[in-house]
Amino acid sequence: MKIAVLAHLKHPIRKPFMGGLEAFTYEVTKLLLQRGHEVTLFASEHSDPNLNVHSILSDVDYDMETLSRFRSHELSEDFISTHHAYLELMQEIDQYDFDVVFNNSLNYVPITMATLMQTPMVTVLHTPPIFEMKRAILAANRYKKLTYVSVSETNASSWEPYITECKVIQNGINLDKWIFTAKNAGNYVLWFGRIHPDKGTHFAIAAAKLAGRPIKIAGSVADKHYFETFVKPLLDESAEWVEHCTHEELNDLIGNAAVSVITPCWEEPFGLVVAESLACGTPVAGFARGALPKIVNNETGCLTAACSVVELAKCINDAAQLSRKACRAHAESALDIQEMVSSYENVFAQVIENCESKYAL
C-alpha cells in the first residue's frame, strides 16, 4: 500500500521521544516501512530521516529548553503555522496518489479537508474529545467519508457523542526493544514520562515517600511552572530527578525498579508507560483513571480509584510483591505492536476497498 502518515506537529518524530504520540508515530511508521509499504511521513523538519520524512513545518524555532516552537507570547503564531502546514498539505494530498491517509495529527484541518479529497483517510483518536476536533468531526459526519480508530475502549466511549462508529485498536509496543529483567536490582520505584500536571508527578513522589521507598523521576519538563511549584520542592536524597534518558537508560531504570508509579490526572486514553513497564517485568501502581483499569489486571498491578496519596502508597508496596514474569507475559499476550500494526493494515485494506467500490464503473 502507498500510505501517507500525518504526524502531530508539536514535536519532531525522533528519539528520545517527547511523549507517547511521538513514540507511536515513530514505531508504526517504521514497521509499515519494514513490511514493504510505500510510506511517507508528513512531519516537522527534524524528524528521523529514516522514516522517509516529508517536512511540512520548519523546526528552526523549536526550543529544546521549553520543548515548544515559540515562546508563550507567540502561541498564536504557533497555532497559525500549524494550521497552514496542514492546510497546504491537504490541498495537494490527492496529487500524491496515496492509497490511504493515516491521520495522527490531532488537528481539525485534516478532518475538515478530508471531506473534499478523493483519498480515503483513517483518523486515530489519541486523546479524549478536544474542542477543535469535536467541531470538525460533527461537521464532517454529514459526508460519511471518514473512518475513526480509538486507542482504547475507554477512549472510544468518551467519543460516542460525536462518533457513532469507532473501531478500537489497542496500542502496542515493540517487545523486542523492551528487555525483561527477571529480578530487579533496586528497591526504588520509578515514575517516567512528561513532567506535566496531567501526569501527576508530585503525587508519585509523595506516595513513594509515604511507602518508605526511594523514587527516581525520568522525563523532560513539559510544564516549567508545574515543575518549579509542585515537583522540585519534593526532590531530595530520596527523590531523584534523572532528567530525560535514552531508550537504553530508561529500559535499565524500569527493569531494575521494584514498581513503576503511573499517576494520570486526566482520562488517560491509553498509557504507553504501562505497556513499557510490564514488558520490562515491572509491576505498576497508580490511579485508576482512563484506560489504566483495562490494561492493568490484578496480576500486573495495583490501582486506586481514590486518587489518594495514602492509597497509592499502599498500592506501591502491594504491587512490589507481584510476579515479574506475569507482567512480561501480559505484555506479550496483549500489548504487542506487531498485532497492532496488522490490525491497522486490515483497516486500511477495508477503507481502500470501500473507496474503490464507490468509484467503480
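**A colleague's note on rings, a pocket and the backbone**

1. K216 lies over the face of Y188, 5.1 Å from the ring centre. A charge sits over a ring here if NZ of Lys or CZ of Arg is within 6 Å of the ring centre and within 35 degrees of the ring normal. The charged end of K2 does likewise with F98, at 5.5 Å from the centre of that ring.

2. A word on the source: this is a predicted model, in which local features need pLDDT of at least 70 and side-chain atom pairs count only at pLDDT 80 or more, while totals for chains, interfaces and linings use all residues. Residues are numbered from 1 along each chain as its sequence is written, and side-chain values use heavy atoms, with hydrogens and water left out.

3. Now the aromatic rings: the whole structure holds 13 aromatic pairs. Y96 and F98 make a stacked pair, because their ring centres are 5.4 Å apart and their planes lie at 25°. By contrast, W159 and Y162 have centres 6.1 Å apart and planes at 75°, so this pair is edge-to-face. The rings considered are those of Phe, Tyr and Trp (its six-membered ring), which pair if their centres lie within 6.5 Å; planes under 30 degrees apart count as stacked, over 60 as edge-to-face and the rest as tilted. F24, F102, Y344 and F348 form one aromatic cluster.

4. Buried means under 20% relative accessible area, exposed over 50%, and partly exposed in between (1.4 Å probe, protein chains only).

5. Please have a look at the second largest pocket, with about 650 Å³ of space. The volume is the space filled by probe spheres set on grid points, which are joined across faces, edges and corners. A pocket is an open set of points on a 1 Å grid over the protein atoms alone, where a 1.4 Å probe fits, with protein on both sides within 12 Å along at least five of seven lines; lining residues have an atom within 4 Å of a point. Of its 25 lining residues, K144, K145, L146, T147 and E165 lie nearest the centre. Helix α13 (337-359) and strand β6 (147-150) each supply at least two lining residues, and α13 gives the most, with 6. Helices (H or I, at least four residues) and strands (E, at least two) are DSSP runs, numbered from the N terminus.

6. Helix α9 (residues 272-279) is mostly covered, with 8 of its 8 residues buried. Among them are V273, E276 and S277. After α9 comes G281, with a positive phi near 90°.

7. A few backbone spots deserve a look. Most residues other than glycine have a negative phi, and most peptide bonds are trans. The K15 to P16 bond is cis, with omega near -15°, and P16 is in the loop between β1 (2-6) and α1 (20-34). E243, in strand β10 (residues 239-243), has a positive phi near 65° and is partly exposed at 45% relative accessible area. C307 has a positive phi of about 50°; this residue is in the loop between β13 (301-304) and α11 (309-319) and is partly exposed at 29%.
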